[in-house]
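Here is a quick tour of a protein model, meant to be read with the picture open. Take your time and turn the structure around as you go.

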Amino acid sequence: MTMQTKLPTGIENFMEMRTGGFYYVDKTGLIKTLLENPGKVNLFTRPRRFGKTLNMSMLKYFFETSSDIMPLDNGSIFNGLEISKEKELCSKYMGKFPVISISLKNAASDSFSSAKEMLCSIIGQEALRFPFLSESDRLSETERRQYNAMIYVGSDGVFSMKDSLLKNSLLLLTRFLQKHYEQKTILLIDEYDVPLDYAYRSGYYDNMIGLVRTLFGAAFKTNDSLEFAVLTGCLRISKESIFTGLNNFKVYTVKDVRYNEYFGFTDAEVRQILEYYGFLDQYGAVKEWYDGYLFGSLGIYCPWDVINYCGDLRDGSVTEPQNYWVNTSSNDIIRRFLSRADAAARDEIELLINGGHVKKMVHQELTYRDLDSDIDNLWSILFTTGYLTQDGEDEEGISFLAIPNREIRWIYVQQIRKWFKDESRKDTRKLENLRRAFEGNDTVAIEKEFASYLRKTISIRDTSVKKEMKENFYHGVLLGLFGNMDGWKVKSNAESGDGYSDISVEVEDQEIGIVIELKYAENAAFDSACREALEQIHDNHYEEALADDGMTTIYRYGIACYKKRCRVVSG
């Protein structure tokens, strides 16, 4: 492997990767495997952030006849990579085909008309890469007019294809390129499912499914100008939904062994990266946070996380692993799942968070209408989008699903907190009872009300999780409840006295101050945990800040939690 100096954070263009001095994890074996296992239309489904776009860019630069790739013996961007060893394949296929390469990642809008405009723009911009078609003597006058209509931009600066042209645009463009080059065309479509996802969420799914079905059907079915096509996405949309009538159609999901090493980083690749940058001592932490995915039978790391963490380690901005996934996704699917979950499903989520697994039949081929029709389908979506991974199967093909790593587990915990806060806000009577109990120093009532909330939420009791993390969970639950209390000034981990109290509250209109220390009661040792909490409050004088703010009545609470139970003492 050619070692590079710069980390490729956010680099998705293969040419930029190879010419810009970036570290590249060699995935060019994908090309050989693809050519040795030919399919007219090939769909790869993987979660986001696993290198799909970079691989599609790699395919474009390898096959495209009009790219700036020089011969292998004269400094090609593929020199030194695995595919360069395949002299016969390179001689036969490298730089020999016209290539159409589009990404539908930005074909996302709240309205169908706007989404169509985006599709026209995406396809029109790609067609503009071939301006010679407008004058090609290998095209008829009618075909040249059709091409010019594809790239026409109105006075408003917007591509304005008619619907009939848009629906046939990919078919026509493959045909025009095939006629001009006298060579069949390769079609690459990245993030093919994004327009359908947004259409479903925005209420124009039927219109979009009709458009995409026609667009893809024309381009893929009985298209004599097509050499082959590759699509990527997160979900395997039902063949009956948009790929009707395609015979030579191959789908490769995270359950398939073939191609499993080409998306994401293997353990050996991660070790090489860490060793190269001098961070091999971080291997254990990287594995705990970013490993855990099983693609086919191979363990895989999320490349986005590994690259970002190495970059942050290099510039000294962090010393411990961070959650990089959460900044690139809305994580709406977890919230949707929690909102649909009944008591049994919540227990299963709790089992997952605490390091266990659940047995579910994974449905990999769905339509978007299926997503909310059955909670079992949401389990499947959590799997296909990377929020769960497989941990084996039983003899009937039922999957053992687990949370892949600490990073994703952290996302679940954060989403559960937000969901719980929203849910608890709905029951104003219970919140009022909890408020009165704290303001009235009624420890019996506090225990009763807080325990009733704990029974409804999802607790952390994984034996592998540090005690501090368990305490943080209960801390978060209580803060979520207090966030719904009007008139309460709530502080978390606020400096007071000789340390930092877990939670402090000022009820200004009553001049009541509340200071709380939370402990996790190992093995249900509630009494000792409560005493420890109160002693910490007194020894560190946590009440001083409240007194300085004019609180004349101050209540000190030591709260111990274990599983779904709690104990409260005041002193």
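## A first look at Arg 425

Is Arg 425 buried, partly exposed or exposed? Arg 425 is partly exposed, with a relative accessible area of 41%. The words work like this: buried means under 20% relative accessible area, exposed means over 50%, and partly exposed is in between, using a 1.4 Å probe and protein chains only.

Before going on, some housekeeping. This is a predicted model, in which local features need pLDDT of at least 70 and side-chain atom pairs count only at pLDDT 80 or more, while totals for chains, interfaces and linings use all residues. Residues are numbered from 1 along each chain as its sequence is written, and side-chain values use heavy atoms, with hydrogens and water left out.

## Salt bridges

Arg 425 has a partner: its side chain meets that of Asp 422 in a salt bridge, at 3.2 Å from N to O. A salt bridge here is a side-chain nitrogen of Lys or Arg within 4 Å of a carboxyl oxygen of Asp or Glu. The two residues sit three apart in helix α17 (residues 406-425), so about one helical turn separates them. Asp 422 is partly exposed too, at 30% relative accessibility. As for the labels, helices (H or I, at least four residues) and strands (E, at least two) are DSSP runs, numbered from the N terminus.

A search of the whole structure turns up 32 salt bridges. One of them joins Lys 564 to Glu 350, with the closest N and O atoms 2.8 Å apart. This pair links distant parts of the chain, 214 residues apart: Lys 564 is in the loop between β16 (553-562) and β17 (565-570), and Glu 350 is in helix α15 (residues 343-353). Glu 350 is buried, with a relative accessible area of 3%. Elsewhere, Asp 291 and Lys 287 meet through their side chains at 2.7 Å, N to O. Asp 291 is buried at 10%, whereas Lys 287 is partly exposed at 34%. Both belong to a network of salt bridges that also links Asp 267 and Arg 271.

## Strands side by side

Now find strand β3 (residues 185-190). Six of its six residues are buried, so β3 is largely enclosed by the rest of the structure. In a regular strand the side chains alternate between the two faces of the sheet. Here both faces are covered: Thr 185, Leu 187 and Ile 189 are buried on one side, and Ile 186, Leu 188 and Asp 190 on the other.

What joins β3 to strand β2 (residues 99-103)? Five bridges do, and the two strands run parallel; two strands count as paired if DSSP finds at least two bridges between them. Ser 101, for example, has Leu 188 of β3 as its bridge partner. β3 is also joined by five bridges to strand β4 (residues 226-233), again in parallel. There, Leu 187 partners Ala 229, and Thr 185 stands opposite Leu 226. β4 is mostly covered, with seven of its eight residues buried. Strand β1 (residues 41-45) pairs with β4 in the parallel sense over five bridges, and Asn 42 has Val 230 as its partner in β4.

## The largest pocket

Rolling a probe the size of a water molecule over the atoms shows where empty space is left. On a 1 Å grid over the protein atoms alone, a pocket is an open set of points where a 1.4 Å probe fits, with protein on both sides within 12 Å along at least five of seven lines, and lining residues have an atom within 4 Å of a point. The largest pocket has a volume of about 1200 Å³. It is lined by 49 residues, and the closest to its centre are Pro 47, Arg 48, Arg 49, Lys 52 and Glu 191. Helices α3 (52-63), α8 (194-202), α13 (303-315) and α14 (332-340) each supply at least two residues of the lining.

Most residues other than glycine have a negative phi, and most peptide bonds are trans. Arg 49, though, has a positive phi, near 75°. Arg 49 is in the loop between β1 and α3 and counts as buried, at 16% relative accessibility. Glu 511 also has a positive phi, near 55°. Glu 511 lies in the loop between β14 (499-507) and β15 (512-520) and is partly exposed at 37%.

Terms used. Grid points are joined across faces, edges and corners, and a volume is the space filled by probe spheres set on the points.
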